[in-house]
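Good morning. I will take one structure and go through it part by part. Please have the sequence and the model open.

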Amino acid sequence: MNAIEVYNSVQLYIDRSKGARYYFQEINKAVNDAIKMHIDDITDTANQNKLSGLDRFQVFRDELYTLMKSNTFVPTVVGLYNTDVLINHINFPADYRAFAALSLTIDGITTYGRQTYYNERGPILECSFRKPVNTKIYFLEDSTGLKVYRGITGTISSSSLDYVKQPVEYNMGNELNLIDAGAGVLSLSTSYTAFEDSEYNGIIYPSGTVFSTNGVLADLTSGQVILTSLLVTIELPAKTHPDIAKRAAAILAGVVEDFQSSAFAEKESKN
């Protein structure tokens with residue numbers, strides 16, 4: 001769905017004939033909050049189930065494939081743990097949101113990192129059977145990146161961090177961007193999106209439809225349109241858009257005056 005189609009879906013679940021009217025900035029905020037909640041549901045579930053390696057990567061690839069990125073990097077050296085474990089550090093990219101997978105190639109051998117936690121780190125580092133080596137590396141997430149625990153020998157020749165990036169923010173513009181029907185209100189060779197059912201050059205464009213003035217410039221006979229270039233739709237896979245619209249509607253309708261609409265939207269978001 002494009003940005004206006006998302007808006008129409010949100011309005012559908014709110015039931016605007018009975019509920020409150022919302023400013024565009026409120027719709028933008030609710031949809032962006034719903035996007036983040038949807039991502040967190042998936043990443044938090046992976047964390048709770050302690051999915052790791054290829055299992056974790058596959059879940060994110062299936063559900064959040066439009067947000068998946070891979071970044072190569074050169075780890076910095078932090079120091080040694082005792083005398084037999086080397087600690088490296090990898091900084092998170094600027095658009096990082098959630099971890100998916102880590103691989104390092106050391107002396108020609110590539111291995112995936114194994115996640116550990118603060119309460120597990122000590123026993124792993126102290127146990128001679130579980131201690132990190134170059135074919136069995138561990139990583140621990142901190143506030144700025146990943147601490148990597150590995151053997152003290154060997155050189156890292158390549159490394160890759162797969163992660164879920166921050167989504168671009170949904171934006172349907174604002175009320176001042178709407179163009180009312182009239183003579184000479186449109187420009188030639190420009191793309192517009194119908195905000196409401198609009199007539200241009202003898203053709204009726206339903207709300208959410210994109211059309212262009214390429215080759216001919218006529219008057220906007222009826223309706224309202226907005227420049228397509230001002231719109232930013234949901235970056236997540238298309239299959240998630242209806243659920244995000246339902247969740248955004250529940251956020252907007254979650255006030256006392258809109259209790260019935262909120263209950264309906266919450267019920268729909270679980271279907």
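I start at Val-31, which touches Val-6, Val-10, Tyr-170, Ile-234, Ile-244 and Ala-248, leaving aside residues up to four places away in sequence. Contact here means heavy atoms within 4.5 Å.

Before going on, a word on the source. This is a predicted model, where local features need pLDDT of at least 70, side-chain atom pairs count only at pLDDT 80 or more, and totals for chains, interfaces and linings use all residues. Residues are numbered from 1 along each chain as its sequence is written, and side-chain values use heavy atoms, with hydrogens and water left out.

Back to Val-31. Which residues touch the most other members of the largest nonpolar core? They are Val-10, Ile-27, Val-31 and Tyr-170, in a core of 38 residues. A nonpolar core is a set of buried Ala, Val, Leu, Ile, Met, Phe, Trp, Tyr and Cys residues joined through side-chain atoms within 4.5 Å. Buried means under 20% relative accessible area, exposed means over 50%, and partly exposed is in between, using a 1.4 Å probe and protein chains only.

At least two residues of this core come from each of α1 (3-14), α2 (24-48), α3 (53-63), β4 (96-106) and α5. The largest share, eight residues, is supplied by α2. For the names: helices (H or I, at least four residues) and strands (E, at least two) are DSSP runs, numbered from the N terminus. There is also a second, separate core of 15 residues, and Tyr-96, Ile-137, Phe-139 and Leu-161 are among them. As background, nonpolar side chains tend to be buried together in soluble globular proteins.

In β7, Phe-139 is the bridge partner of Gln-115. Strands β6 and β7 (residues 138-141) pair in the parallel sense over two bridges; two strands pair if DSSP finds at least two bridges between them. The sheet is open and has five strands in the order β2-β3-β8-β7-β6, with mixed pairing. Its edge strands, β2 (76-81) and β6 (114-115), each pair on one side only. Helix α4 (residues 118-126) packs on this sheet and touches β2, β3 (85-91), β7 and β8 (145-150). The direction of α4 makes about 155° with that of β7. Axes are lines fitted to C-alpha atoms, for helices over the stretch in contact, and angles run from 0 to 180 degrees between N-to-C directions.

Next, the charged pairs. How many salt bridges does the structure hold? There are seven, a salt bridge being a side-chain nitrogen of Lys or Arg within 4 Å of a carboxyl oxygen of Asp or Glu.

One joins the side chains of Arg-97 and Asp-40, at 3.0 Å from N to O. It links distant parts of the chain, with Arg-97 in strand β4 and Asp-40 in helix α2, 57 residues apart. Arg-97 is partly exposed at 23% relative accessibility, and Asp-40 is partly exposed at 29%.

Another joins Lys-239 and Glu-63, at 3.9 Å from N to O. Lys-239 lies in the loop between β15 and α5 and Glu-63 in helix α3, so this pair ties together parts 176 residues apart in sequence. Glu-63 is partly exposed, at 30% relative accessibility.

Asp-84 is in the loop between β2 and β3, and Lys-131 is in the loop between α4 and β7, 47 residues away. Is each residue buried or exposed, or partly exposed? Asp-84 is partly exposed, at 31%, whereas Lys-131 counts as buried, at 16%.

Glu-63 comes up again at Thr-240. Thr-240 sits in the loop between β15 (220-227) and α5 (241-252) and touches His-38 and Glu-63, again not counting residues up to four places away in sequence. Thr-240 is buried, with a relative accessible area of 3%. A polar atom of its side chain lies 2.7 Å from the backbone oxygen of Pro-237.

Finally, two backbone angles. Asp-107, in the loop between β4 and β5 (109-112), has a phi near 55°, a positive value in a residue other than glycine. Asp-107 is exposed, at 54% relative accessibility. Ser-189 has a phi near 55° too, and lies in the loop between β10 (179-182) and β11 (191-194). Ser-189 is partly exposed, with a relative accessible area of 48%.

Terms used
A polar contact is a pair of N or O atoms within 3.5 Å; within protein, one must be able to donate a hydrogen and the other to accept it, and residues adjacent in sequence count only if both atoms are side-chain atoms.
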